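Hi there,

Here is the structure I promised to pass on to you. Please open it alongside this email, and then read on for what turned up.

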Amino acid sequence: MSADARTGALVLSRASVRDADGLVDLLLEDGRITGIAPVGEGMLPTSAEIVDVGGRVVAPAFSEPHLHLDKALLGGPSNGGALDAAIAYTAERKRDFTHADVEARAERVLAAALRAGTTAIRAQTEVDPTVGLLSVEVMHDLAARHRDWLDLQIAVFPQEGIRSRPGTLELMREALRLPGTVVGGCPYTEADVADARAHVDTVLDFAVEFGTLADLHLDLADDATDERFALAEYVAQATAARGLHGRVAIGHVTTLGALEPDRRARTLDALAGAGVAVVVLPATDLYLVGRNDRRSVRRGVAPIGELWRHGVRTAVSSNNIRNAFTPTGTADPLDMALLLGRVSFASDPADFAALHRAVTTDAAGVMGSERARGLAVGAPAELVVLDAHDAESVVVDQPARRLVIARGRIVYSAAVSEQFHGTAADHFGGEVAVGFGGTRRAEHAHRF
């Protein structure tokens with residue numbers, strides 16, 4: 001199988017795609033989807049390399065709009081801890097960061113992400129006087145090294161605050177001069193609500209000054225009694241005032257569920273009106289929220305159903321991988337989608353379709369990417385072939401990833417051989433080989 005389709009065309013034949021009546025052929029050329037047609041009805045170039053996917057689901061590749069590569073795999077304190085403890089533990093570990101260390105941990109996560117079918121990541125990357133620009137520089141190097149398969153945005157992230165950490169503001173400005181950066185924020189780490197609002201203003205002003213997107217960690221708490229953790233409506237107002245519609249995202253926002261219904265509805269309408277996206281981070285939020293509850297422990301996630309009903313742009317992401325904020329994680333967005341569905345009362349096909357979009361096209365939209373177009377002629381050829389035949393059940397089934405395609409090229413493939421033994425073989429069959437092996441040109445397509 002060729003790993004490079006840039007010099008010709010690649011066809012995914014007999015593909016199952018959402019909303020199609022039957023199987024289709026997808027033609028990929030020059031990094032784009034250039035044709036989608038019912039099987040046998042498309043005009044295939046004679047030089048096309050064809051992969052017969054055997055009726056399996058082809059879907060947009062996954063996007064992770066909120067992932068911390070620089071502090072992945074750091075572990076955490078032996079007894080766990082709440083948000084403040086996680087920040088303190090990480091602040092101490094950052095003192096020992098080196099270029100090689102950050103790079104090695106990030107590379108391990110990138111390999112897992114690629115296996116999962118992820119080809120776009122917004123890396124929330126810490127900047128402060130302790131770590132300086134070290135982690136940003138590592139992410140910049142990784143973006144260049146993996147550019148053939150990965151779109152890596154770098155969110156310049158002041159985890160320990162701006163006003164509360166003198167010197168951070170200047171470092172952020174320096175980092176934002178690098179290509180591929182967006183401006184991050186974390187206002188709840190400031191001393192009081194006035195400083196937290198000033199933090200929001202600084203971040204959004206940077207977005208205007210540098211013509212980039214903004215992404216704030218926001219409102220990560222059990223309740224809204226401390227107004228530093230109830231800033232979503234303020235962010236919406238500040239976004240609208242600066243004309244940043246569609247260019248701002250907020251992550252976590254767990255206190256939405258703690259607001260009185262009238263205030264929550266007003267806040268959600270404000271977010272929708274300003275085009276502010278909410279990125280739900282279920283693994284981290286379930287781990288951190290509700291720690292002090294002694295009965296009826298809170299679920300600790302933003303109310304995704306209400307976000308949808310109010311028209312708020314939403315996405316789902318992994319956030320942290322095996323560190324003080326989240327001790328688990330496999331860098332698999334589909335796992336995050338199912339986790340959120342389970343704790344959010346998802347039940348019907350429309351819910352699971354929305355959850356699938358939340359880790360594919362909607363997540364790409366939060367990143368300002370053309371990938372938001374999904375499977376459409378002219379859209380980027382960023383695709384994943386899943387070991388499933390029903391596009392409607394992808395989130396529930398959690399199928400294996402068989403092919404990942406980036407820039408119209410095959411960048412990952414996986415083959416399996418499955419065999420039932422004993423009496424199970426009588427009912428389910430004997431050995432079944434599943435894999436890609438190789439492809440042939442034009443009329444000689446490889447089949448599973």
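This is a predicted model: local features need pLDDT of at least 70, side-chain atom pairs count only at pLDDT 80 or more; totals for chains, interfaces and linings use all residues.

Residues are numbered from 1 along each chain as its sequence is written, and side-chain values use heavy atoms, with hydrogens and water left out.

Strand E1 covers residues 9-15 and pairs with E4 in the parallel sense, over four bridges. Two strands count as paired if DSSP finds at least two bridges between them. Strands themselves are DSSP runs (E, at least two residues), numbered from the N terminus.

E1 and E4 belong to an open sheet of four strands in the order E3-E2-E1-E4, and its pairing is mixed. At the edges lie E3 (32-38) and E4 (49-52), each pairing on one side only. On average, neighbouring strands here are turned by 20 degrees against each other, direction ignored. For such angles, axes are lines fitted to C-alpha atoms, and values run from 0 to 180 degrees between N-to-C directions.

There is also an open sheet of four strands with antiparallel pairing, ordered E5-E14-E15-E16. Its edge strands are E5 (57-60) and E16 (409-413), and neighbours in this sheet are turned by 25 degrees on average, direction ignored. E5 joins E14 (residues 383-386) through four antiparallel bridges; among the residues involved, Val58 has Val385 in E14 as its bridge partner.

Happy exploring!
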